[in-house]
Amino acid sequence: MLYELRTYSAMPGRLPDLNKRFAEITLGFFKKHGIQVVGFWTNELGGSSDQLLYILAYDSLADREKKWAGFLSDSERLAKFAETEKNGPIVASITNSFLTPTSFSSVK
């Protein structure tokens, strides 16, 4: 199993809009494209208060590339995302890391 940790830094004051987009739009498109969500988090202490962090799970890097390509090119998703940014961008930056569980991890 391959995990992807994604960190979105929202534009100032736009984290509620980003959270709403994930809850109401993005999750449906993840499901449509077979992208498995492990969970979502925001920073309570020790990190930036404008970040949304989440982890996705894939069978392999090839599985991730196939599913992500479909998600990114989905014209319906692109239109809905554009609607959410009619008042300006929501996301300032995105970082991602690909994680492989260790032999002693409780998550495999």
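Predicted model: local features only at pLDDT ≥ 70, side-chain atom pairs only at ≥ 80, totals over all residues.
Where does Arg-14 lie? Its place is in the loop between β1, residues 2-10, and α1. From there the side chain of Arg-14 also reaches the backbone oxygen of Pro-89, at 3.2 Å, and, leaving aside its neighbours within four places in sequence, Arg-14 is in contact with Thr-84, Asn-87, Gly-88, Pro-89 and Ile-90.

Turning to the helices, the axes of α1, residues 15-32, and α3, residues 75-84, come within 11 Å and cross at roughly 170°, which makes α1 roughly antiparallel to α3. On the α1 side the contact is made by Arg-21, Ile-25, Thr-26, Phe-29 and Lys-32, and on the α3 side by Glu-76, Arg-77, Lys-80, Phe-81 and Thr-84; by class, that is 3 nonpolar, 2 polar and 5 charged residues.

Back to the salt bridges, of which a search of the whole structure finds 8. One of them joins Lys-67 and Asp-63, with the closest N and O atoms 3.3 Å apart, and because these residues are 4 apart in helix α2, residues 61-73, they are separated by about one helical turn. Finally, salt bridges that share partners join Glu-4, Arg-6, Arg-64 and Glu-65 into one network, in which Glu-4 and Arg-6 pair at 2.8 Å, N to O, and both of these residues are buried.

Note on methods. Residues numbered from 1 in each chain as written. Heavy atoms only, no water. Axes fitted to C-alpha atoms, helices over the stretch in contact; angles between N-to-C directions. Helix = DSSP H or I, 4+ residues; strand = E, 2+ residues; numbered from the N terminus. Parallel < 35°, antiparallel > 145°, perpendicular 65-115°, else oblique. Contact = heavy atoms within 4.5 Å. Nonpolar A, V, L, I, M, F, W, Y, C, P; charged D, E, K, R; others polar. Polar contact = N/O pair within 3.5 Å; in protein donor to acceptor, adjacent residues only side chain to side chain. Salt bridge = Lys/Arg side-chain N within 4 Å of Asp/Glu carboxyl O. Buried < 20%, exposed > 50% of the residue type's maximum accessible area, 1.4 Å probe, protein only.
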